[in-house]
Structure formats: C-alpha cells, structure tokens
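Hi everyone, thanks for making time.

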Amino acid sequence: MPGIILLLLCITLSAWGFLIYQNWEMTNLPMSEMWMPPNSAWEWTISDFSIVYLMWAVMMAAMMLPTALPVIQLFRKTCQQRYGSDFPFSYLFSLAYLLIWFGFSIVLTLLQWQLHSAQWLSGMMENTNTILASAILITAGIYQFTSLKNACLNHCRSPLGFLLNFWKNGNLGAFKMGILHGVTCLGCCWAQMLIMFVVGVMNITGMVLITLFILIEKGFLDKKHFISKTSGSLLCVWGIILLIL
C-alpha cells in the first residue's frame, strides 16, 4: 500500500478510535470525573478551548479524510508519472487539505463556545434549543439547492477534472492544490457539519451517518441531482417538524 494512503488510513482510524473513546467516557464515567464545557463564556479557559478544538479537529479528520482519498490517490499517481515519486508532493497536498478543516474547527469551537454561553447546548454537548436545531436543519436543506453547493460538489465529484484544470507544479504547487481542494470541499460540506449541533456534538451515530452521506453524495454521479434535492428536502422537512412538534 502506498505510504501516503497508509498514513491517511492510520490517521483516520486513530481519529475514529479517539472519538469512540471520548463518547464512551461521556456515557460511562461518573459526572464528577467528566470534563464538561463551562456554561458561562467568561469561565472558559485556554484548556477548555483546547479540548473543544481538539475534539472538532479530530472529528473533521475522521469524517473528511475518507471522502478525500480518491483525489489524493489520483494526485499521488499523477505525481509518480510526472516526477517519478509522489514524495513530498502528495504529503503536502494532504496536509494542506487537512489544514482547511483544522481552520474550520476554530470556527466550530468558537460557535460551540457561544452556544454553551447561551445555554443552547447542554453540558453533555446536546442541543437544548428547538429553534436553533430547526434553523440549522433548514439552512443545511436549503443549501443543498444552491448553485454554490452544486459547484463545489461537482468539483469534488471530478478528481480528474480538478487535476487537469488546476494543476500546479512543485512543492508549493502541491500545497496550493491541497488548499484549493480543501476550500472547495469545505464549501460543499460545511452546512452538513453544523448538523452535529442538532444531533449532539459527540454523537457517534451522527458522525457515521454524515460521513456516509458525504461519500454517497460525492460518489453517485448518475444520481447527483436526485441525492442533492432529496436530501435537501428531507432536511427542510425535519427542521419544520421540529418546530411543529
């Protein structure tokens, strides 16, 4: 197995293992032994921010790396053909891709900080505000119909087209391509990540289902319009039902 693919698989499996362990701690440890986010924004320490950021960063790696493997594999093969080796190019590409999601994790951390302060998330990081949950679901549903979502999704669905249209030579070129792919992938999936604030930030089932949905959404080219519109409609209906019930 190629080195970069083996490394990314190890990172992905380690990330999922960490998340599963964190979920186990939350459901099995006594409350007195469990770390919980402070409710007041002014009570948060650097340690609290670090814990929440680490959780989101690991979650982004666990959920998004599997969806990026096809383009990384194709990029690796192209580098071997052009340069005779994929090192360090595919590693720089992958690092840049992950940095985009690690940057987005800062946004998610700050958002969670404010949601705890407003007491819209419980100490167990579960949603306590129906209006917030509904707004997130409807926003994610409507986004499925937008031209920006479709443009980003088409980019992610065509690794070969991405390489042909945006190829850049050298180490810096590989890094820039990873940044570009990460930004486009973020444009495709950011709203879906917010759904974790609806189902529970540490909900393993939610993480798995969202990851599987992203894989399906990117993989089934012949059903792309059906998948996008159906999922968008279902999210909107889910959000409306939460408001009514």
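**A walk through the helices**

Let me start with L92, which counts as partly exposed because its relative accessibility is 23%. The cut-offs here: buried means under 20% relative accessible area, exposed over 50%, and partly exposed in between, with a 1.4 Å probe and protein chains only. L92 lies in helix α3. Helices, by the way, are DSSP runs of H or I with at least four residues, strands are E runs of at least two, and both are numbered from the N terminus.

What does L92 touch, leaving aside its neighbours within four places in sequence? It is in contact with N171, A174 and F175, where contact means heavy atoms within 4.5 Å. Between L92 and G173 there are 9.2 Å, C-alpha to C-alpha, although they sit 81 residues apart in sequence.

Quick caveat before I go on: this is a predicted model, so local features need pLDDT of at least 70 and side-chain atom pairs pLDDT 80 or more, while totals for chains, interfaces and linings use all residues. Residues are numbered from 1 along each chain as its sequence is written, and side-chain values use heavy atoms, with hydrogens and water left out.

Also in helix α3 is V107. With 47% relative accessibility, V107 is partly exposed.

Now to helix α1, residues 3-28. Its 26 residues reach 37 Å from first C-alpha to last, close to the 38 Å expected at 1.5 Å a residue; that expected span is 1.5 Å times one less than the number of residues. Which residues of α1 are buried? They are I4, I5, L8, T12, A15, W16, L19 and M26. The cover over them includes α2 (46-83), α3 (89-117) and α9 (204-219).

That brings us to the core. A nonpolar core is a set of buried Ala, Val, Leu, Ile, Met, Phe, Trp, Tyr and Cys residues joined through side-chain atoms within 4.5 Å. The largest one here has 66 residues, and L19, W56, M59, F75, W101, F197 and M207 touch the most other members. Helix α2 gives the most to this core, with 17 residues. Take M59: beyond its neighbours within four places in sequence, it is in contact with L19, M196, V201, M202 and M207.

Next, a helix pair. The axes of α7 (residues 170-194) and α9 come within 11 Å and cross at roughly 145 degrees. Those axes are lines fitted to C-alpha atoms, for helices over the stretch in contact, with angles from 0 to 180 degrees between N-to-C directions. On the α7 side we have C185, C188, C189, Q192 and M193, meeting I210, F213, I214, E217 and K218 of α9.

Last stop, the loops. Most residues other than glycine have a negative phi, and most peptide bonds are trans. In the loop between α2 and α3 sits P88, and the bond joining F87 and P88 is cis, with omega about 5 degrees. The loop between α3 and α4 (130-143) holds Q119, whose phi is positive at about 60 degrees although it is not a glycine. M125 is in the loop between α3 and α4, with a positive phi of about 65 degrees, and is not a glycine. Buried or exposed? Q119 is exposed, at 54% relative accessible area, whereas M125 is buried, at 5% relative accessibility.
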